[in-house]
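Work through each task before turning to its solution.

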Protein chains: 2
Amino acid sequence: MATTRDRQLVEQWRSIQDSYFRTAAAIDRALEAKFDIGLNEFEILDLVADSEESSCRMKSLGERTPMTQSAVSKVVDRLEKAGLVSRQTCADDRRSLFLELTAAGRALHSTAAVEHRALLRENLG
Amino acid sequence: MATTRDRQLVEQWRSIQDSYFRTAAAIDRALEAKFDIGLNEFEILDLVADSEESSCRMKSLGERTPMTQSAVSKVVDRLEKAGLVSRQTCADDRRSLFLELTAAGRALHSTAAVEHRALLRENLG
DNA sequence: CGTCATTCAATGACAAGGAATATTATGACG
DNA sequence: CGTCATAATATTCCTTGTCATTGAATGACG
């Protein structure tokens, strides 16, 4: 039915898709090329860096990202394998884990973040 | 460095991600449940329906969607297997193909589109 | 304390996408 | 016409994500 309204909606949607995919692809390539790390990996790293007051993370990561719990688990696997993050067992609830940046992780994050912000500025500005 | 500006950028980016993922997931689930078709499949169907003046499509689809050429090829595989679309060889350039909706494809598209638009309205409104 | 429901995280099976490559068709040009 | 560069798709291989399930720990409650 309502064709004009509908077309607008579809346009808006495509524009969101475009903005999302173009930006994500650009950032992903850049990070991959310069730091050998994907966008999702960086975003988890970023979240961990963001909550350096610490607590039992892993769980809370799931709430701050659109990724699935299992996806987060696997991203963290890779980050850990790359030596950027480490899983710490949580004394008061042994089901939980919290994450810490390693020195390497902190270093990589701080330089990668500059790149990341710059690309956001370029693509969203 | 420029923390305030950067935080804004990151916020904006997360908001785009959210808007994209939440909407995409909602539509995907709904289409999957009611029509047994995924979001990407629907979007290709939608594009084909949109260009019913016809020409050697397949190629042009790649330009109207953020999907890769190979992804498009596979989505079309599935649509064809589901009997919603058919690949027609193109007389004047036998490398190209163009796509046609089957009767079933047209039918499904027209009812699914209603749902699709409604969900866009709900999620982007 | 024992049981049961619930929560956090990891895993395995499987689907879907991307990059690189293969395949076939064209067109240009000697 | 034969060769070669290029174009449109398909295909293969690998990576990543999701869903469903599992395992372990916790808390409530009789």
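**Exercise 1. Which residues in α1(A) meet which residues in α1(B)? Then describe the geometry of the crossing.**

Solution. Bear in mind throughout that this is a predicted model.

Step 1. On the chain A side the contact involves I16(A), Q17(A), S19(A) and Y20(A), and on the chain B side I16(B), Q17(B), S19(B) and Y20(B). Sorted by class, this contact of α1(A) with α1(B) holds four nonpolar residues, four polar ones and no charged residues.

Step 2. The two helices, each spanning residues 3–35 of its chain, have axes that come within 10 Å and cross at roughly 125°. Angles of 65 to 115 degrees count as roughly perpendicular and those over 145 as roughly antiparallel, and α1(A) and α1(B) are therefore oblique to each other.

Step 3. As for handedness, the crossing of α1(A) and α1(B) is left-handed.

**Exercise 2. How many residues does the contact take from chain B and from chain A, and which helix gives the most to the chain B side?**

Solution. 

Step 1. Chain B contributes 16 residues to the contact, and chain A contributes 16 residues.

Step 2. On the side of chain B that touches chain A, α1 and α5 (103–124) of chain B each supply at least two residues, and α1(B) gives the most, with 11 residues.

Step 3. By class, that side of chain B comprises nine nonpolar, three polar and four charged residues.

**Exercise 3. How many residues surround DNA strand D, and where does the largest share of the surface near DNA strand D come from?**

Solution. 

Step 1. DNA strand D is surrounded by 23 residues, of which the closest are T68(A), A71(A), M58(B), K59(B) and S70(B).

Step 2. Both α4 (69–81) of chain A and α4 (69–81) of chain B supply at least two residues of this surface, while the largest share, five residues, comes from α4(B).

Step 3. The residues of the surface near DNA strand D divide by class into seven nonpolar, eight polar and eight charged.

Definitions and conventions. Residues are numbered from 1 along each chain as its sequence is written. Chains are lettered from A and ligands numbered from 1 in the order in which they are written. This is a predicted model: local features need pLDDT of at least 70, side-chain atom pairs count only at pLDDT 80 or more; totals for chains, interfaces and linings use all residues. Axes are lines fitted to C-alpha atoms, for helices over the stretch in contact, and angles run from 0 to 180 degrees between N-to-C directions. Helices (H or I, at least four residues) and strands (E, at least two) are DSSP runs, numbered from the N terminus. Angles under 35 degrees count as roughly parallel, over 145 as roughly antiparallel, 65 to 115 as roughly perpendicular and the rest as oblique. A crossing is left-handed if the near helix is turned anticlockwise from the far one by less than a right angle, and right-handed if clockwise. Two residues are in contact if their C-beta atoms, placed from the backbone, lie within 7 Å. Ala, Val, Leu, Ile, Met, Phe, Trp, Tyr, Cys and Pro count as nonpolar, Asp, Glu, Lys and Arg as charged, and the others, Gly among them, as polar. A residue is near a molecule or strand if its C-beta atom, placed from the backbone, lies within 6 Å of it.
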